[in-house]
Structures are given as structure tokens and as C-alpha cells.
Amino acid sequence: ATAAESAVEALKIIAEGDEVVAAAIRSLPPQWERAAAPGPAELEFRFEKQFRAARRAIHVPEGSGILSSAQFFLREGFERVTGMGVPAFLDGGAGQEESEDVRKQDATLARARSLARRGELALALQEVDALQGAARKAMEGWIADVRARLYMQQAMQLLRAHAALLSATC
């Protein structure tokens with residue numbers, strides 16, 4: 001048994017008959033009984049990994065070919081080296097409507113990245129939830145991890161408040 005499984009089992013035994021604790025335990029996502037919750041640093045690391053995949057999905061539509069991939073590679077390199085936006089010749093030949101959608105999704109992803117780096121997972125999750133298509137699909141693993149983490153935090157806050165109330169009334 002993992003440490004998380006042991007802790008949940010011990011909590012179930014100690015709190016037998018306490019409906020508040022039972023409700024908190026029932027609210028936990030199933031994966032939290034099987035493994036330890038990823039911490040903020042791990043979630044940030046996972047975000048960065050999936051961020052790159054989502055950004056690629058935004059800028060290089062599926063089936064777009066090697067030229068789009070090369071253009072994205074140049075864009076990424078230019079932005080990384082200069083820290084600036086991309087000149088018009090690297091901005092793509094897509095129509096204005098598609099280009100606007102790409103810019104919106106890219107901005108959403110950038111805001112989510114900034115929030116995730118500051119540890120504001122709930123706000124970062126709200127931003128990522130606004131992504132569409134392949135970019136959202138690329139972030140699905142992170143979305144699931146953060147949702148589970150937030151549920152766990154909420155359950156722990158409930159348990160702490162309940163414990164404080166019990167100790168104050170004893």
C-alpha cells in the first residue's frame with residue numbers, strides 16, 4: 001500500500017461514524033488513494049511539458065506538413081532568443097480569421113503558464129479550460145491532475161476545519 005492509501009485507510013478507521021469525514025473521503029478522486037498527490041513543483045513541470053505540446057498544436061495544425069513545422073521551429077527559436085514577438089514573415093500565411101484564433105489560444109496558454117508558474121493552479125485551470133481543439137487535448141493530462149489536486153485540497157480544508165471544530169467543542 002502507498003502512503004496515501006495507508007493514510008486514507010487510517011482516516012476511515014479513526015473517523016468511523018463521522019459523516020463529515022466520510023463525505024470528505026468520498027469526495028476524493030479515486031486516483032488519490034492509489035498514489036501521492038503531485039505537488040506544485042511537479043504540476044509546474046508537467047505544465048511546461050504539456051505547454052510545449054499544446055503550443056505546437058496551436059501553431060502546427062495536424063496534417064499541415066513540414067513547412068509549418070519548420071516555421072514553428074523558427075518562431076519558437078526567435079521568441080526564445082529575443083524574448084520578443086515574431087516578425088511578420090514568420091507569422092504564417094494563414095487567413096486573418098485563423099491567425100486571430102491562433103493568437104487568442106496562444107495568449108490563453110501564455111496566461112495559464114504565468115499563473116501555473118506562480119502556483120495559482122485554479123486560475124491556470126480556468127485559462128486552460130478555455131482552450132479548444134488539439135491544444136486542449138494536449139493539456140488534458142495536466143487538467144486531470146490539477147482538478148484532482150484541487151479536490152484533494154478542498155477535502156483537506158474540510159477535514160482541517162472539522163478537526164478544529166471538534167477540538168474546540170471537546
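## Salt bridges around Asp129

The side chains of aspartate 129 and arginine 136 form a salt bridge, with an N to O distance of 3.1 Å. The model is a predicted one, and the values in this report are computed from it. Aspartate 129 has a relative accessible area of 30%, which makes it partly exposed. Arginine 136 is likewise partly exposed, at 25% relative accessibility.

Aspartate 129 also forms a salt bridge with arginine 147, where the closest N and O atoms are 2.9 Å apart. Aspartate 129 belongs to helix α7 (residues 121–129) and arginine 147 to helix α8, so this pair ties together parts of the chain 18 residues apart in sequence. Arginine 147 counts as partly exposed, with 31% relative accessibility.

Side chains of opposite charge can pair when their charged atoms come close. With nitrogen to carboxyl oxygen distances within 4 Å as the criterion, the count of salt bridges is ten. One of them pairs glutamate 48 with arginine 117, and the closest N and O atoms lie 3.3 Å apart. This pair links distant parts of the chain, 69 residues apart: glutamate 48 is in helix α4, and arginine 117 is in helix α6 (residues 96–117).

How exposed are the two partners? Glutamate 48 has 13% relative accessibility and therefore counts as buried, the cut-off for that class being under 20%. Arginine 117 has a relative accessible area of 48% and is partly exposed, since the exposed class begins over 50%.

## Aromatic contacts

Ring centres within 6.5 Å define a pair, and the count of aromatic pairs comes to two. In one of these, the ring centres of phenylalanine 47 and tryptophan 142 are 4.9 Å apart and the ring planes stand at 75 degrees, so the geometry is edge-to-face; the threshold for that class is over 60 degrees. Phenylalanine 47 sits in helix α4 (residues 40–59) and tryptophan 142 in helix α8 (residues 133–169), so that the pair links distant parts of the chain, 95 residues apart. Both phenylalanine 47 and tryptophan 142 are buried.

Phe47, Phe51 and Trp142 make up one aromatic cluster. Arginine 113 is placed over the face of phenylalanine 51, at 4.0 Å from the ring centre.

Glutamine 50 is another residue of helix α4. Its relative accessible area is 18%, and glutamine 50 is therefore buried. The side chain of glutamine 50 reaches the backbone nitrogen of tryptophan 142 at 3.0 Å. Leaving aside residues up to four places away in sequence, glutamine 50 touches Ala138, Met139, Glu140, Gly141 and Trp142.

Threonine 108 is located in helix α6. With a relative accessible area of 10%, threonine 108 is buried. A polar contact of 3.1 Å joins its side chain to that of arginine 111. Beyond residues up to four places away in sequence, threonine 108 touches Glu127, Ala130 and Leu131. Glu127 is one of the buried residues of α7.

The buried residues in α7 include Leu121, Ala124, Leu125, Glu127 and Val128. They cover an arc of only 160 degrees around the axis, which means that they lie on the same side of α7.

In helix α2 (residues 19–27), Val21, Ala24 and Ile25 are buried. Their arc around the axis is only 100 degrees, which puts them on the same side of α2. Where are the exposed residues Glu19 and Arg26 carried? They are on the face of α2 that is turned away from its buried side.

Terms used. Residues are numbered from 1 along each chain as its sequence is written. This is a predicted model: local features need pLDDT of at least 70, side-chain atom pairs count only at pLDDT 80 or more; totals for chains, interfaces and linings use all residues. Side-chain values use heavy atoms; hydrogens and water are left out. Buried means under 20% relative accessible area, exposed over 50%, partly exposed in between (1.4 Å probe, protein chains only). Helices (H or I, at least four residues) and strands (E, at least two) are DSSP runs, numbered from the N terminus. The arc is that of the directions from the helix axis to the C-beta atoms. Rings of Phe, Tyr and Trp (its six-membered ring) pair if their centres lie within 6.5 Å; planes under 30 degrees apart count as stacked, over 60 as edge-to-face and the rest as tilted. A charge sits over a ring if NZ of Lys or CZ of Arg is within 6 Å of the ring centre and within 35 degrees of the ring normal. A polar contact is a pair of N or O atoms within 3.5 Å; within protein, one must be able to donate a hydrogen and the other to accept it, and residues adjacent in sequence count only if both atoms are side-chain atoms. Contact means heavy atoms within 4.5 Å.
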